[in-house]
Amino acid sequence: MLIGTIAGIVAAAFVLLIVLFKMCWRVAEPNEALIISGSKHRTEGLAEGLGFRVVTGRGTLVTPGIQTVRKLSLDLNEADLDVECVTSQGIPVQVKGVVIFKVGDDTVSIANAARRFLDQQKMMGQRVHNVFAGHLRSIVGGLTVEEMIRDRERLTGETRAASGTEMEKLGLIIDSLQIQEILDPTGYIKNLAAPHAAAVQRDARIAAAAADREATEAEQEAFARKAEATRNSGIQQAGYQAEMDTAAARALQAGPLAQAASRQEVVVQETKVAELEGHRKEQQLQAEVRKPADARAYETRTKAEADRDARISAAEAQARETELKAAAEANRVKIAAQAEAEATKARGLASAESTRATGQAEAAAAEAKGLAAAEAARALGLAEAEAIKARAAALAENQEAVVAQQLAEHWPEIVRAGAEAFGNVEHMVLLNGAEGMGEMFAKALTMGGTGLGLARQLLSSMNGTDAPEAAKPDVTGSAHRSGTQTIPVQGEPSA
């Protein structure tokens, strides 16, 4: 009894141990990872103090009530991409694709994914879609529609590379990224393909027309062969009918023909006898008469033919020699004429080119001279016009100042004109010294009118206008008179 009790206790304890072991033992399936939290653990590659442990592909013991075990799926996940983008050309497009991803197999990736998606594993696809949508818009914004269509691998590679870092932070890896479709709501892609579609349609129509032509030619050739076969068949049938008719006629004529044949045989035999007799006589005639005559004629004919062939050969040789000489002379004359023509053409071209160049140079020189002369005349005329205009404006504004300036510029000529009044005076006596000298010159300059009037007349005479005779000074050998004073000269008393 005691042994039975002990055995029952042992069995119960064993069963209890098995139950407790099953409660504490957790096994990770190949497509999942166990995230064990509730106690401090240190896992290689993870920061210290994370508070959870990662178990994959094996079993582990956990403490019920103290540690919590949750599962993170390592299966493949799929996220559909449907992103509206704008290309570098400003054309809106809609990019559709699919991303196949999963949680990374290493402990770091599993830990990163567990911290972000452990309670939101169904939201992984949406998060991945958001990551790829942003990068896809950025990359498409730097491409043209043509580049997207012709080089989808570039779009895929750049998108995958740009999203790789963020996916690694999320603990996810990309198994596949496929751009399935590029939609164009504006019709740009359709219009872009229109020329190619038109070219393909054109080639298809050309090919169809060529095939139709070849088929028509084959049909016509088949009809021709059929007609030829029909004709040949009719000809053969007519031949067969003719043969049949001939055979029937022969059958009808068999009796008369047999009689005629018998008679013909008799005649043939008689003819053969006559022929043999004639042949014998002919042989005898040939042996006695024709053979000697033929031998003599053959000898004569042979000699004549030999002489004729010799003369023909000599004539042909002479003609060939003459022909060769004529051809050589003609060729020489032709070459000389061609050379002379080429030389004449070259000299003519050179002369024409020289004449054209000389004419162009002379024309350019004449044009340059004419332009220079015209420009100089125009500049001189403009300068004179400006001077006259300025002088006229100055005279209109301040006549006295302009006259004074011109007097200052022409004082040497004015003094020279005043000195000419004393040209015929031999001796001059001054009564009051230096004052008399100054007074004398002043009076000489004012004779015949005021000093300003004389200066104006002198300026007019310098500018090419003749001064009136009344304005010219009266110079005599005795004295110069003014309206108020007289300058005494030696030999005459003063007034």
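The structure is a predicted model, in which local features need pLDDT of at least 70, side-chain atom pairs count only at pLDDT 80 or more, and totals for chains, interfaces and linings use all residues. Residues are numbered from 1 along each chain as its sequence is written, and side-chain values use heavy atoms, with hydrogens and water left out.

The largest nonpolar core holds 26 residues, with Leu-72 and Leu-172 making the most contacts inside it. Such a core is a set of buried Ala, Val, Leu, Ile, Met, Phe, Trp, Tyr and Cys residues joined through side-chain atoms within 4.5 Å; buried means under 20% relative accessible area (1.4 Å probe, protein chains only). Among the elements that each supply at least two residues are β7 (92-103), α2 (107-117) and β8 (172-183), and α2 gives the most, with 5 residues. Helices (H or I, at least four residues) and strands (E, at least two) are DSSP runs, numbered from the N terminus. A second, separate core of 15 residues includes Leu-136, Val-145, Ile-179 and Ile-182.

Lys-102 sits in strand β7 and, at 11% relative accessibility, counts as buried. Its contacts (heavy atoms within 4.5 Å) include Leu-74, Asp-75, Leu-172 and Asp-175.

Then there is helix α6 (residues 188-252): its 65 residues reach 95 Å from first C-alpha to last, close to the 96 Å expected at 1.5 Å a residue, where the expected span is 1.5 Å times one less than the number of residues. α6 bends by about 35 degrees at Ala-194, with Pro-195 following within four residues; the bend is the angle between axes fitted to the seven residues ending at a residue and the seven starting there.

Notes. Buried < 20%, exposed > 50% of the residue type's maximum accessible area, 1.4 Å probe, protein only. Lists of a residue's contacts leave out its neighbours within four places in sequence.
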